[in-house]
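Dear colleague,

I am passing on the structure below, together with some notes on one helix and on the disulfides. Please read them alongside the coordinates.

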Amino acid sequence: MDAYGRRRHFGAANRVTAWLSAAFTAAILCLPLIAEAGVPNPTITGPIPATVTPGDPSRNYPFLATDVDLAQYGYVEEEYFMQGTANQYTTPAGATGAVISTGNPYKTRLLVRRPISASAFNGTVLLEWYNVTNGFDIEPDWFQTHNYLLEQGYAWIGVSAQRVGVNYLQTWSPAGRYATLDVTVGGTITDDSLSYDIYSQARQAILNPSGVNLLPGLTVQTLIPTGDSQSAFRLATYINSVHPLNPIYSGFFLHSSLGNPIRTDLGPIKVFKFLTETDILELGEAAVRRPDTPTFVTWETAGTSHSDYWIYLNYKGVRARDATPPADNPPCPLQIPRSRILNYRTQDAAYDHMVQWMRNGTQPPSGTPLELSAITPSVVPERDVFGNILGGIRAPDFAVPIATDTGFNANPVPAIPGVLCNLYGQYIPFDQQKLRAFYPTAGTYLLDTVAASNANVKAGYLLDADAAGANTTAAESGVGGSNLRNIDLSGANLMGLSLPNDSLAGNNLTGANLSNSNLQGTNLKGANLNGANLTGANLIGATLQSANLQGANLSNANLGGATSKGASLGGATWSNTVCPDGTNSNADGNTCLGHLGPL
């Protein structure tokens, strides 16, 4: 079972940002331009030792060191310093920029999370541009998708490219860990105009290491630049103004960009925009919509917010430890803040498509856009009677609703520092009366969720593992009651289901995926499990009387103490299976048929 776990104000901020950007561009266009040269390879130092455990007062460990148990995935976290000299660029809106100064010294950090073994590496690196909206580095794409990245063998690298993040680091550690970092040439360049070349040089350090290798023993096939929100804004600027000068990246993943149009004359580079409902309704992306092309794809996800409950759950620990904690219950005008739609599931699929698109040209499927009745003078969404938006990519937990989930909220007045309610969206759970009307039985809710998951998998918006997560969450939710008996779940993906001491008696589970499920003590009497995948399942003490297990895969399953009187077991696969009498199937020719215990 997987866990849960800016409106007028933002518009004004954007207008100020746009004015400052225009003023800066006008000023620097008067400076002499310098011919662009190849991107240099920076000097890498490290890994920089972490001499204490994260949370130690000396803070001589990487800022935002993950609290995920990397060791269980065979991963390691290492921090490196990167230094060199960077170009300063003009970044005219939607047009190619120019170099206005060179030789600007910088020193920053890279945080690497990677498989230890080459055999566990899938060949893809996500290069995340750290977001600094909070005044310090934040890694939203890691927080959202780390489970998928770790399970699938990605490497992830965070780049501290901007002044705000690096300046925060300089004094963060009393031990002086980051005291020598600087991306402002001693405070003389404070507009982050060096950040683009710093990001380019991070690519060189990964793909063309000279000296210290950030990924020792790993062969990189695909490098995906990624960034969320403010970082996606910076990447969009990079794509439009800096990339044409030296096209060293072959694709970009823009998560929740901020109304950033992307040029149409960039040649073969691939751009994937992954957008929440908030981004379309509140942050300017509706105004810059464009059709998909062989090099440009947009997904708009329904019911999702720019800063949702999942990311809150996954960053509150490290934020509280290393910086300022997020508000647990922010006083937003619209309660309850933070959409509960698990948008990471769709983002997992988007990354999966991005890899294939960059490697072999297989384009991601187009996404259905969110339904709007107007874009100007303001964006007006089409909503159903419950307030849920129509259209868009509709993940199972939104397509089969148990709440109103939206990407809209508003900031409190007066504003509260660090509270950005306009990014959180809203969650209003349905009351019990409404839930009973929609889902009179547990089977209704589960079957509807399975159908929605299947449709999303077929459309390419959901991976099998995340479909299983949606389905098992529904099965374990109690929505519609707890009676899950006598349901047709044939072919259902219920991998990882946890229903110990429950009852699935009489269910049709033909061909169902129940691998790695916890069904200890569960009643499966009379269930049809013909051809079911029970690999790694915990069936200790389960009731399998009269169940049909013909052709089922019971490899690595534990049936210790299970009762199987009258069960049909012909053609079942036994490999390293703990038999009902406690013996191992491998000890008797890969079968448990002679070790079923008392019948």
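A residue is called buried here when its relative accessible area is under 20%. Please keep in mind that this is a predicted model.

With that cut-off, twelve of the 13 residues of α5 are buried, so the helix is largely enclosed by the rest of the structure. The buried residues include R234, Y238 and N240, along with L235, I239 and V242. Helix α5 runs over residues 230–242 and reaches 17 Å from its first C-alpha to its last, which is close to the 18 Å expected at 1.5 Å a residue. What covers its buried residues includes the strands β2 (75–89), β4 (124–129), β6 (222–228), β7 (251–255) and β8 (270–275), as well as the helix α4 (195–207).

Turning to the cysteines, the count comes to two disulfides, and when the bonded cysteines of the chain are numbered in sequence order, the pairing is 1-2, 3-4. The link is left-handed, with -85 degrees about the S-S bond, and both C332 and C421 are buried.

Another disulfide joins C579 to C592, with an S to S distance of 2.0 Å. The torsion about its S-S bond is about -80 degrees, so this disulfide is left-handed. Both C579 and C592 are buried.

Best regards

How values were computed: Residues are numbered from 1 along each chain as its sequence is written. This is a predicted model: local features need pLDDT of at least 70, side-chain atom pairs count only at pLDDT 80 or more; totals for chains, interfaces and linings use all residues. Side-chain values use heavy atoms; hydrogens and water are left out. Helices (H or I, at least four residues) and strands (E, at least two) are DSSP runs, numbered from the N terminus. The expected span of a helix is 1.5 Å times one less than its number of residues. Buried means under 20% relative accessible area, exposed over 50%, partly exposed in between (1.4 Å probe, protein chains only). Contact means heavy atoms within 4.5 Å. A disulfide is a pair of cysteine sulfur atoms within 2.5 Å.
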